Amino acid sequence: QPVALPPSLFPSLPSKVSEDEFQSVLCEGCRQESPALKLLPCLHTLCLPCVSERKPPGQCPVCQTAVPPASGGPGMDNKLFSNLQARLSIYKKILHATHLFCDNCKTEAEFWCCECKEFLCTKCFEAHQRYLKKDNHEAKRVAAIRAGSAKDFLEGTRKANNFFCSNAAHANQTLSIYCKKCCKAVCCVCALLDSKHGGQHCDIRSEIQQRQDELAALSQDLRKKRSSFEVAHEALQGKAAHLEQARSKTRQEVRQRVEQLVQLLRREEEELLVLVEKRWEQGCHALAGELQRLDNVLRRMEAGERLVQKMRLYGTDREVMDMQPFIKASLEELRRLQPPAAGGLAQPDGDFDECRARLQAL
């Protein structure tokens, strides 16, 4: 019997349908929320169960890119997605809860403070505004949050995620300086008192902006390069279709000629059909491997674009500082990749020349 071509052998690119923007912060394996998400070098994000159960082992289950073993586990913590999930859970609670209660006095809540991450009644809100006014805490009405979008909520809570000095003596100091010598963020007190930081620092905002700009530039370069991969992917799909057409045409020629011969030639007919299938399968495997590789690269590029977009829109300062070098290295690796030349592959028709030669000899 002829071997049927599996539908998944030549996968199409993901459709460009408009997905829920915040579905992309879920695990890309099981599509579930998880408090512990890992960002792999291929820029796909998976929860720990999906990472540990991936098959084959040592590969990303989304794009089959090799994941090198590491002592601290594969990839790095995707703090951006984990924090976005936590902030979205608060938004969903505000949006869908029938009654919200003040975290202080348990009466009905009318406000929510993104700095304190607490719900407040009117009375507690007035005290909150009086005592924390100098700290620039901004409490918003629950009704106003419900009237806005999830994107508005995430943008509004982004500034509430400043990170503070790890030195216990001045733990309330915001990390506002970046030491280029130590390659880490420090507060003003550390920069003044610790001589090792002298003359080697800059404003943390400029460093963060530079890192965001680097990621954006890399993403822009990959967006331009992606079109060449898409062209190569489409060319391979065209060759796969041409291979299928050549197979069908050759089968028809074989049957038409062999049916004219006597029973003695039936064995030759079967041998020719087997050879056709063999050449077709060889062609399928040759094209499928390269097509799968291009498909995986394109998936990584999509993941990189999506991650950089989320980092620019919603990434906190700490997330940018922690994750940018890792993401940058992965994006630079993608930028070094080159698509195969579309004209460098053999034409599928040539795979059946031996079959036609034997058929002509009859």
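**Exercise 1.** Which element gives the largest share of the lining of the second largest cavity?

Solution. The model is a predicted one.
- Start with the count: there are 2 cavities of 30 Å³ or more.
- The second largest cavity has a volume of about 30 Å³.
- Its lining consists of Glu28, Leu43, Thr45, Phe81, Ala303, Arg306 and Leu307.
- Helix α8 spans residues 266-314, and the largest share of this lining, 3 residues, comes from α8.
- Sorted by class, the lining holds 4 nonpolar, 1 polar and 2 charged residues.

**Exercise 2.** Determine how helices α7 and α8 are oriented relative to each other, and describe their contact.

Solution.
- Two packed helices are described by the angle between their axes and the distance between the axes.
- For α7 (residues 204-258) and α8, the angle is about 165° and the axes lie 8 Å apart.
- Angles over 145 degrees count as roughly antiparallel, and α7 and α8 are therefore roughly antiparallel to each other.
- The contact of α7 with α8 comprises 23 nonpolar, 7 polar and 17 charged residues.
- As for handedness, the crossing of α7 past α8 is left-handed.

**Exercise 3.** Work out the strand order of the open sheet and find its edge strands.

Solution.
- The open sheet has 3 strands, in the order β2-β1-β3, and the pairing is antiparallel.
- β2 (45-47) and β3 (76-77) pair on one side only, which makes them the edge strands.
- Between β1 (residues 37-39) and β2, the antiparallel pairing runs over 3 bridges.
- Within that pairing, Lys38 has Leu46 of β2 as its bridge partner.

Note on methods:
Residues numbered from 1 in each chain as written. Predicted model: local features only at pLDDT ≥ 70, side-chain atom pairs only at ≥ 80, totals over all residues. Heavy atoms only, no water. Pairing = 2+ DSSP bridges. Helix = DSSP H or I, 4+ residues; strand = E, 2+ residues; numbered from the N terminus. Axes fitted to C-alpha atoms, helices over the stretch in contact; angles between N-to-C directions. Parallel < 35°, antiparallel > 145°, perpendicular 65-115°, else oblique. Left-handed = near helix turned anticlockwise from the far one by under 90°. Nonpolar A, V, L, I, M, F, W, Y, C, P; charged D, E, K, R; others polar. 1 Å grid on protein atoms, 1.4 Å probe; cavity = no way out; pocket = protein on both sides within 12 Å on 5 of 7 lines; lining within 4 Å. Points joined across faces, edges and corners; volume = space filled by probe spheres on them.
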